[in-house]
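Biologist: I'd like a close look at one part of this model, please. Let me put it up first.

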Amino acid sequence: MKYTHSFRIDNWYQALPKYTFKTVKVPLTFDEAEAFIKLNRQRSAVNYPHLYSSRDVSDSNNPADALRNLEQRVQEVLNNNFPNGAFAKLNTRSPKDVPVYNASNPKFQVPVYNEINKLSPNQRQDPNHFTTALVIGTTKGCQVKCAKDVIELFAESERIREDLIRSTSFGSKL
């Protein structure tokens, strides 16, 4: 837990604002975190039914209902601060795993190919250049323009689910 804690935005951002991206925090409630966990499990059960029992995802409450207020708050932040889009993440990690699980989706595929196509033939053979192109392309694919994009990315991300489970596992508020 101490290791993860050291990477939280609120631990390093104050010292580095002039060296990193503009950052605006949107608080996430405990109920919203639980809704993301549930939404992720529901989607995973559809995509990987052999890994989930009906008991894991059966619940009459719709997690999207709990995320409506968050969606409004995020949209307001995007409208006021990031009219050209933003990179959304938790205090801990980002949903950079989503493009890996959805590699055939053009939203993620096109930015990666665009970055790779910028490389010379020699650079394509160099693992450092190639990996950098992959990371840049993946990050561009994760750019969000509206709150619905944020909700979708977070709901699909195993990284986000893992962090939220860890943060809510003791029943305490975030």
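Biologist: What is the mean pLDDT of the protein, and what share of its residues reach 70 or more? Then walk me through helix H10.

Modeller: This is a predicted model, so to speak for its local features I need pLDDT of at least 70, and side-chain atom pairs count only at pLDDT 80 or more, while totals for chains, interfaces and linings use all residues. Residues are numbered from 1 along each chain as its sequence is written, and side-chain values use heavy atoms, with hydrogens and water left out.

The mean pLDDT (the predictor's confidence in each residue, from 0 to 100) is 84, and 80% of residues reach 70 or more.

Ala133, Gly137, Thr138 and Gly141 are buried in H10, meaning under 20% relative accessible area with a 1.4 Å probe, protein chains only (exposed is over 50%, partly exposed in between). Seen down the axis of H10, the buried residues fall within an arc of 125 degrees, so they line one face of the helix; the arc is taken from the directions from the helix axis to the C-beta atoms. Their cover includes helix H7 (98-101) and helix H8 (106-117), judged by contact (heavy atoms within 4.5 Å).

Note on methods
Helices (H or I, at least four residues) and strands (E, at least two) are DSSP runs, numbered from the N terminus. The expected span of a helix is 1.5 Å times one less than its number of residues.
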